[in-house]
Amino acid sequence: MNIQQLKVLQEIGSGKTLAETAEKLGLKQPTVSFHLHKLEEELGLTLTRKTSRKLRPTEAATDLLPYVRRIVALTAEMEERAAEHRDGNSVKLRLGASYTPATYFMPPYFAGFQKLYPQIQLQLSVKKAEAVLAMLRGYEIEAAIVSLPESREEDLTVVPLVTDELMLVFSPNHPLASKKQVRVEDLRGETFLLHEPGSTSRRLTEEWAEQVGLRFDFAMELGAIETMKEAVKCNIGIAVLPRRSIARETLTGELRQHELPGYLNRRRICLVYREEKTLSAAARKFNQYMSSQVFG
């Protein structure tokens with residue numbers, strides 16, 4: 001088998017058609033079919049099945065795809081490293097981050113790392129935590145900084161860096177903003193501005209509400225923390241947001257914060273990387289830098 005055959009299987013396994021795979025890999029469609037058939041012959045397996053509109057990976061192909069992605073990613077990384085040494089180019093380090101760490105925690109650390117290692121070029125993808133972890137498992141990035149609850153992630157090393165607690169956030173004009181302590185009973189009937197489903201904040205907010213017996217009878221889903229903050233300032237509703245995301249606005253008085261009644265914080269900003277020995281030198285330097293900066 002060769003790397004082109006594995007690239008074809010990877011693209012088909014991700015849901016692409018033969019035509020889309022050909023376009024992605026810069027090949028002709030008959031060539032894609034040829035590579036796929038040759039791989040099936042070499043492995044002695046049927047790797048695809050036809051549906052009405054496209055090819056689908058078989059159970060055997062699905063089982064092999066994690067290995068395929070790893071081989072393709074490591075080959076690409078090896079080629080990049082060879083080119084960097086051959087041409088004297090800067091080293092690229094692909095990172096991922098969820099929204100809160102990327103916006104409110106990591107910028108000073110990125111700046112410090114770039115100053116210490118100017119030859120390492122950072123490439124950052126910002127998505128929801130679960131999407132970032134999927135990229136890490138799929139070898140699209142080498143390390144991640146994400147907000148996570150206290151839980152294990154299979155096949156990944158998770159290093160908690162700092163707490164990232166959630167807070168109730170109000171407009172200064174909201175009747176509850178001036179209270180010394182907000183109770184669950186005070187929140188019934190309030191309009192909540194919620195993160196979109198799939199985010200760590202939304203999951204923990206829903207778990208907290210269920211734990212204290214609170215229902216979100218009136219709610220609005222918003223996709224970005226900055227949008228939620230502006231909506232709260234206009235007194236459209238109240239929100240549950242990470243403390244770090246509202247530090248500036250609470251200092252200036254634009255927003256007021258209260259602790260969530262009955263809430264035990266389980267949210268941390270974490271450094272996450274794959275459990276393997278093939279981490280690049282740049283990734284190892286980044287992981288060591290983050291640990292040294294946070295833990296001294």
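Contact here means heavy atoms within 4.5 Å. This is a predicted model, in which local features need pLDDT of at least 70 and side-chain atom pairs count only at pLDDT 80 or more, while totals for chains, interfaces and linings use all residues. Residues are numbered from 1 along each chain as its sequence is written, and side-chain values use heavy atoms, with hydrogens and water left out.

## Glu153 and its surroundings

Leaving aside residues up to four places away in sequence, Glu153 touches Leu133, Arg137, Leu148 and Val158. Glu153 is in the loop that runs between strand 5 (143-149) and strand 6 (156-163); strands (E, at least two residues) and helices (H or I, at least four) are DSSP runs numbered from the N terminus. With a relative accessibility of 16%, Glu153 counts as buried (under 20% relative accessible area; exposed is over 50% and partly exposed in between, with a 1.4 Å probe and protein chains only).

## Aromatic pairs

A pair of aromatic rings is described by the distance of the centres and the angle of the planes. Rings of Phe, Tyr and Trp (its six-membered ring) pair if their centres lie within 6.5 Å; planes under 30 degrees apart count as stacked, over 60 as edge-to-face and the rest as tilted. By this rule there are five aromatic pairs. In one of them, Phe113 and Phe286 have ring centres 5.4 Å apart and planes at 80°, so the pair is edge-to-face. Phe113 belongs to helix 6 (residues 107-116) and Phe286 to helix 12 (residues 281-295), and the pair links parts of the chain 173 residues apart.

Phe113 is buried, at 0% relative accessible area, and Phe286 is buried, at 0%. The rings of Phe113 and Tyr289 are also edge-to-face, because their centres are 5.5 Å apart and their planes stand at 65°. Tyr289 lies in helix 12 and Phe113 in helix 6, so this pair ties together parts 176 residues apart in sequence. Tyr289 is buried, with a relative accessible area of 8%. One aromatic cluster is formed by Phe113, Tyr117, Phe286 and Tyr289.

## A charge over a ring

The charged end of Arg274 sits over the ring of Tyr139, 4.0 Å from the ring centre. The term requires NZ of Lys or CZ of Arg within 6 Å of the ring centre and within 35 degrees of the ring normal.
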